[in-house]
Amino acid sequence: MNSGVVIIDDSAHRAVVLTWASDQQLNRTFLPIGRNFTSALASPDGQTLFVLSAGDWPRTPDHNQSPSLTAITVDTNMKVSETQFSMAEPHSSLAVDPNGDYVVAFHGPNPARAFNGPPMPFAENPNEIVIFPLRGAVTKPVSYTLQSFGSTPQRLTFTQPMNLPAGAPNAMARRLLLVETDLNVKILDLSHFFDAKGPRPEITVPLSTGMTAQQLAPAGLAVDPDDGIIAVRTTSDTNVYLLTLLASPTTANDFNPSINLADVGGIPSDLTFVNTDTGKRVAALVPTKSNAVLIDTTTSLSQVTETVTTTIALPSPYSKLSLVTSAVASACSGSTKADVALLWGDSVGSSGVALWALGVSGCTPYRSVQVLAIADPVQSVDDVPRGKLKILEATASSGGAFFVLNLLDRTAAPLLTTSTPAISIAPDGARVWAYDPNNSTDLASVDLTTLSPIPLTTTLPISTVYDIAGPNPDSKGPRSLIAIHNTGTLGATVFDARNPDTTTARIVPSLLLEGP
Amino acid sequence: VKPLTLVLGLGVAAAASPAIAQTTPQLPESGAPSTTADTRTVMWRVEMGYRGSYLPSAGYDPFSTNDLLPQFSLAATRTIWNAEDVSFAPGLAWDFGSAGATSRGDTTTLTMNRLTVPLEGRLHFGQWGYAFLRAAPGIAAVKVQVNDSSSPDPLTRTRWLFATDLSAGYAWLVWPKIRAATSPRLWFQGDGGYGFVADDSLTLVANSSSSSSLRSSSVDLGTLSMSGGFFRLAAALSF
């Protein structure tokens with residue numbers, strides 16, 4: 001979290017919240033959580049942690065706690081609070097709305113592993129989801145069973161407000177919950193979920209080419225909220241499924257998806273909606289062909305059965321992309337509204353990253369793909385908040401390095417480490433922390449302005465680190481780096497994050513020994 | 001000083017006034033005339049035994065699985081005043097005990113040294129021994145230690161605390177029972193009561209003899225109260 005670290009102490013049925021204190025001390029707050037913790041997930045804004053607990057099973061007069069969701073909040077004044085909601089059935093997975101309106105508890109893809117508490121109930125409904133409203137007049141969670149055709153939910157996506165039905169004059173902004181199961185995609189209208197007469201039924205979209213009876217498993221999706229289009233890729237099909245949510249006055253929902261298929265020539269590994277200088281497109285990466293495909297979504301809007309695609313050859317089999325338009329645009333005062341995408345890949349044969357300009361702008365007048373050479377495949381690209389930087393983590397085979405990608409200068413500065421590092425980026429975007437989580441005491445702080453590393457060390461091996469804010473998190477207020485030592489009853493070494501120095505650091509031992 | 005003077009004075013008076021002794025029917029069980037104070041009443045006394053304390057404080061839980069603290073008990077007293085069947089004997093006592101447990105995987109130990117001044121009032125029953133009431137103000141040194149691998153050094157705390165015992169019991173004269181015996185006497189005794197020790201906050205810090213160069217925060221384990229009921233079984237020698 002932005003201003004705290006939460007340790008789940010399941011054996012004591014509590015959460016230990018660590019917050020900043022002066023002179024590298026830590027304040028500790030102890031909050032009760034439900035028995036038998038199953039999973040936890042932080043909200044994207046870093047202010048709330050949602051904790052799922054299974055409760056007691058079997059329930060007895062002395063141990064009769066229901067399954068529950070606990071929301072632990074650490075606000076910008078470092079005030080710690082919690083809210084608890086009860087559920088009828090235990091669930092092991094969470095999805096948190098990035099806008100902060102909803103949280104959904106659901107069965108999840110690996111319930112047995114997450115559910116490490118008491119024995120499982122004899123019968124469960126894996127298609128039940130529980131939606132918790134976090135804002136508005138409704139405060140009680142609502143359980144809902146998704147229609148199943150032999151499928152169970154795998155991933156949940158909250159859309160931004162979409163104008164639905166697409167293209168209709170009476171279109172209204174509403175939010176959808178998109179549920180990817182192992183066989184289809186389900187669309188649930190969240191804006192009408194808490195209606196007095198009950199939720200509107202979800203729409204199930206089976207994924208099939210129509211040529212065979214085989215149903216396909218969705219592998220990811222992208223949403224265009226402006227035009228009411230959902231693009232879905234699958235694990236084994238070369239088609240991208242475009243679902244346009246058109247008006248449907250005769251159905252329970254006032255929209256219904258119109259499905260168009262766009263063959264991209266290979267199984268797409270990633271996709272997103274992009275703005276090009278010729279309009280909005282779906283950009284899909286096909287690493288097996290080392291190319292990208294732009295799909296014209298206007299054809300699906302006009303309900304033309306054939307979609308128009310444009311194939312762009314790429315210099316490397318990139319498998320992932322993300323938009324970096326806002327970071328790059330400030331340097332391109334004369335740029336069009338076209339997006340710039342960052343391409344990378346962790347697959348064999350891919351290397352480095354590339355910036356893919358989706359329009360002809362003043363910045364890139366001569367080519368659309370600019371490669372930044374890095375010898376090894378890039379495993380992940382981490383965002384640096386409030387900056388024009390990205391941190392590139394290379395795959396383990398390259399070992400001992402990570403890169404600071406400057407999107408303005410189009411440079412990728414390597415930072416060498418003696419072993420494969422784990423990376424933690426400060427939420428204020430000022431520094432990155434590198435450490436070795438494999439029984440090592442080595443730690444380094446890298447100032448992202450100067451790229452100057454400060455080597456540090458701790459007494460005990462580091463398992464993970466967190467850079468948390470103190471008072472006045474938006475200004476130049478103090479921050480602490482908490483290096484967690486997963487030994488004994490958990491300890492930490494606390495550094496002044498802005499001026500890290502072992503002479504001022506402090507060991508805070510026995511984090512789980514204190515408290516009620 | 002005055003009670004001792006009184007006791008000695010009584011002894012001297014008894015030795016210097018055989019006529020009074022002859023006319024007073026204070027014969028020992030052997031029938032021999034008494035020429036000195038009854039050493040079943042006026043005596044030096046050293047006792048040694050077992051003391052068990054029940055400490056219900058939650059602060060004691062990390063150090064014990066059963067709330068009990070076993071202790072070795074040693075005390076020495078001297079009768080400094082007596083009249084009829086009543087006597088008063090102050091002294092010095094030392095109790096030592098330790099406990100240990102495992103708290104969340106950490107080994108914990110607690111040791112306590114208690115130094116008190118027992119002030120004992122006795123009601124004697126001749127060869128059957130005596131009953132007593134004891135108040136024992138003093139101090140207790142409590143040392144706790146937690147060995148947690150998340151701390152480079154053991155977490156410890158040592159404090160001297162005000163302590164007082166209040167108890168009642170009975171001392172049974174085992175042998176020899178006769179008044180005229182000159183050999184040391186053996187006693188068995190038992191008492192029970194309440195031991196009070198001032199509360200202390202369990203704020204533990206890492207041992208400063210550490211090889212670690214980093215500063216360390218304290219660990220607050222709440223409040224420790226070593227107060228609680230106790231019993232004591234002891235054997236004693238008097239002379």
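Mentor: Let's start with an open sheet of five strands, in the order S38(A)-S39(A)-S40(A)-S41(A)-S11(B), with mixed pairing. Strands here are DSSP runs of E, at least two residues long, while helices are runs of H or I with at least four residues, and both are numbered from the N terminus. Two strands count as paired if DSSP finds at least two bridges between them. The edge strands, each pairing on one side only, are S38 (464-469) of chain A and S11 (215-216) of chain B. S38(A) and S39(A) pair in the antiparallel sense over six bridges, and Val465(A) has Ala483(A) in S39(A) as its bridge partner. As background, strands of a sheet pair through backbone hydrogen bonds, either parallel or antiparallel.

Before going on, a word on what you're looking at: this is a predicted model, where local features need pLDDT of at least 70, side-chain atom pairs count only at pLDDT 80 or more, and totals for chains, interfaces and linings use all residues. Residues are numbered from 1 along each chain as its sequence is written, chains are lettered from A and ligands numbered from 1 in the order in which they are written, and side-chain values use heavy atoms, with hydrogens and water left out.

pLDDT is the predictor's confidence in each residue, from 0 to 100. Chain A averages 86, and 90% of its residues score at least 70. Among the elements of chain A, our sheet strand S39(A) (residues 479-485) has the highest mean pLDDT, 96, whereas helix H1 (residues 111-114) of chain A has the lowest, 45.

In the contacts between the chains (heavy atoms within 4.5 Å), 29 residues of chain A touch 19 residues of chain B. About 1,800 Å² is buried between chain A and chain B, and carbon and sulfur atoms give 50% of that. Buried area is the accessible area (1.4 Å probe) that two parts lose on being put together, summed over both. On the chain A side, Ile507(A), Pro509(A) and Leu513(A) lose the most area to chain B, together 31% of what that side buries.

Now follow S11(B) into its own chain. Chain B has two helices and 13 strands. S8(B) and S9(B) (residues 185-197) pair in the antiparallel sense over twelve bridges, with Phe188(B) in S9(B) as the bridge partner of Trp172(B). S9(B) is also joined to S13(B) (residues 228-238) by eleven bridges, again antiparallel, and there Gly190(B) has Leu233(B) as its bridge partner.

What about the inside of chain B? Of its 239 residues, 42% are buried; buried means under 20% relative accessible area, exposed over 50%, and partly exposed in between (1.4 Å probe, protein chains only). A nonpolar core is a set of buried Ala, Val, Leu, Ile, Met, Phe, Trp, Tyr and Cys residues joined through side-chain atoms within 4.5 Å. The largest one has 23 residues, and Tyr60(B), Leu69(B) and Leu110(B) are among those that touch the most other members. S7(B) gives the largest share of this core, four residues. Leaving aside neighbours within four places in sequence, Tyr60(B) has contacts that include Leu55(B), Asp67(B), Ala99(B) and Met226(B).
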